[in-house]
Amino acid sequence: MTDTPTRRLRPYLDRVRKLPAWSALVAGTLLGGLLGGAYGLLTPRAYTATSYVVAVPTGKAAPDAASGFAQAYGRVATQVAVLGDAQVWAGVPVRTLRDSVRTATSPDAPMVAVTATSEQPELAVDMANAVSRALTRHAEDTKGSTQVRLVQFSRAVKPGKPSSAPSGVTTLVGASAGGLLGGLVLLARPGRSGRSDDSAPAASVPGPSTAADVQR
């Protein structure tokens, strides 16, 4: 007769019950810290550079028009029409620019921030400045109809340190996550005083003859 799954798992459950209560917490923290540290060491460093352009209305445009066109230019900055020109100055394919460059705008100021990320700090600077330059050129070509032009506000500079998290930070994050999972496992840990599979013997009920003898 083969063993049931419950019988096969019983030795494992017994060993789990015998472990100290804090073992799951410590094991989760150590494992999470090791995984987080390995991730931080194996992941390449990333550097980020940002350039800024500002929308300036011409003499015929309303002051509020600059903010609206800044939002529009921020959305088209990563389109092929702009990146196709930027790749010439950046020296990288359009696909690399599309994956590495992001733009951001603010509702309070007519400004567009062009941010590029790369494993090489010099390349991040070149990509951010190239996209800003291409975006400015496109805005210059359409200023006759939009009455708004883009002006270089700040060029990207070489970052002094990587923007990605160092291995120490990833180790702490991994250890925290592992400790949290270990605590959840600790809460779901089987109790030490579990009942065995064999049910307790039922209480005996006296028969009629025994009950009559007791009454006498």
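## A charged pair across the chain

Glu122 is partly exposed, with a relative accessibility of 41% (buried means under 20% relative accessible area, exposed over 50%, partly exposed in between, with a 1.4 Å probe and protein chains only). This is a predicted model: local features need pLDDT of at least 70, side-chain atom pairs count only at pLDDT 80 or more, and totals for chains, interfaces and linings use all residues. Residues are numbered from 1 along each chain as its sequence is written, and side-chain values use heavy atoms, with hydrogens and water left out.

The side chain of Glu122 meets that of Lys158 in a salt bridge, 3.1 Å from N to O (a salt bridge is a side-chain nitrogen of Lys or Arg within 4 Å of a carboxyl oxygen of Asp or Glu). Glu122 belongs to helix H6 (residues 121-141) and Lys158 to the loop between E4 and H8, so the pair ties together parts that are 36 residues apart in sequence. Helices (H or I, at least four residues) and strands (E, at least two) are DSSP runs, numbered from the N terminus. Lys158 is exposed, at 54% relative accessibility.

## A salt-bridge network

The count of salt bridges comes to three. Glu140 meets Lys143 at 2.7 Å, N to O, and also forms a salt bridge with Arg149, where the closest N and O atoms are 3.5 Å apart. Through shared partners, Glu140, Lys143 and Arg149 are joined into one network.

Glu140 is partly exposed at 29% relative accessibility. Lys143 is partly exposed at 32%, and Arg149 is partly exposed at 31%.

## The sheet and a helix on it

Four strands form an open sheet in the order E2-E3-E1-E4, with antiparallel pairing (two strands pair if DSSP finds at least two bridges between them). Strands E2 (101-106) and E4 (148-154) stand at the edges with a single partner strand each, so one side of each has no neighbour in the sheet.

Strand E1 (residues 47-57) pairs with strand E3 (residues 109-118) over eight bridges in the antiparallel sense. Ala116 in E3 is the bridge partner of Ala49. Helix H3 (residues 65-76) packs on the sheet and touches E1, E2, E3 and E4 (contact means heavy atoms within 4.5 Å). The direction of H3 makes about 20° with that of E3 (axes are lines fitted to C-alpha atoms, for helices over the stretch in contact, and angles run from 0 to 180 degrees between N-to-C directions).

## An exposed leucine

Leu181 lies in helix H8 (residues 167-187). Leu181 is exposed, with a relative accessible area of 54%.
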